[in-house]
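Reader: I would like to learn how to read a structure like this one. Please take me through a few features in turn.

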Amino acid sequence: MPDKNIDMFKLVEEVEKQKKMDIDDIFSNLDSVKNEEVRREEVKAKTYESTSDPNLVSRPRIPSDLGGYDTRFECFKCIIENVSYGTRNVNAYVEGHKDALEKYYGDAYQNRKDLYVIEARVNDEINKTVSHEQLYDKGYYDGLAYVLKALKRSKELLMQRISAEMIRKL
């Protein structure tokens with residue numbers, strides 16, 4: 001019975017300590033969690049790409065040089081249209097990946113002025129997707145992740161472009 005009291009006391013101490021944390025500590029904790037997730041994703045990607053299975057292809061990467069674009073949708077479109085699967089492009093993984101890209105490219109085209117709606121839909125579908133057992137499902141899920149990265153990258157690139165233009169004008 002005394003052990004339960006000690007555990008409760010420690011719990012109360014921890015709660016009090018958490019209340020006293022300042023905002024910088026909270027943000028640093030969030031940053032460390034985010035960095036850990038990024039590291040796990042990088043390891044997972046390297047492991048997946050190093051497989052010797054001839055039916056698998058490496059996941060496409062977001063291109064670094066996109067050329068000219070004036071809107072966020074044009075930037076997103078450029079990222080999606082430049083996906084390359086290499087020479088081995090007829091398998092279930094690639095079909096799943098393409099299906100995810102085509103689905104959300106069509107949605108983005110319908111909502112060109114508000115890609116935040118598409119970003120929310122992709123996030124929602126990623127959170128609801130549970131099965132990655134089949135190769136098609138893995139490709140579809142990776143396609144969703146690629147679309148989400150493309151949406152975020154289009155936002156970043158457009159913000160960088162606007163920032164550079166403002167600096168140039170000042």
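**Reading the features**

Author: The side chains of Asp142 and Tyr93 make a polar contact at 2.8 Å (a pair of N or O atoms within 3.5 Å; within protein, one must be able to donate a hydrogen and the other to accept it, and residues adjacent in sequence count only if both atoms are side-chain atoms). This is a predicted model, where local features need pLDDT of at least 70, side-chain atom pairs count only at pLDDT 80 or more, and totals for chains, interfaces and linings use all residues. Residues are numbered from 1 along each chain as its sequence is written, and side-chain values use heavy atoms, with hydrogens and water left out.

Reader: Where is Asp142 placed, and is Asp142 buried or exposed?

Author: Asp142 belongs to helix H6 (residues 135-169); helices are DSSP runs (H or I, at least four residues), numbered from the N terminus. Its relative accessible area is 4%, so Asp142 is buried (under 20% relative accessible area, with exposed over 50% and partly exposed in between, using a 1.4 Å probe and protein chains only).

Reader: Which residues is His97 in contact with, leaving aside neighbours within four places in sequence?

Author: Contact means heavy atoms within 4.5 Å. Beyond those neighbours, the contacts of His97 include Asp142, Tyr85 and Tyr146. His97 is in helix H4 (residues 92-110) and counts as buried because its relative accessibility is 1%.

Reader: How is a pair of aromatic rings described?

Author: By the distance of the centres and the angle of the planes. Rings of Phe, Tyr and Trp (its six-membered ring) pair if their centres lie within 6.5 Å; planes under 30 degrees apart are stacked, over 60 edge-to-face, and the rest tilted. The whole structure has 3 aromatic pairs. Phe73 and Tyr105 form a tilted one, 6.2 Å centre to centre with 35° between the planes. Phe73 lies in helix H3 and Tyr105 in helix H4, so this pair ties together parts 32 residues apart in sequence. Tyr136 and Tyr140 form a stacked pair, at 6.4 Å and 15°.

Reader: Where is confidence lowest and highest in the protein?

Author: pLDDT is the predictor's confidence in each residue, from 0 to 100. Helix H2 (residues 23-49) is lowest, at a mean of 54, and helix H5 (residues 115-128) is highest, at 92. Over residues 43-52, pLDDT stays under 50. Where pLDDT is low, the predicted coordinates should not be read in detail.

Note on methods. Helix = DSSP H or I, 4+ residues; strand = E, 2+ residues; numbered from the N terminus.
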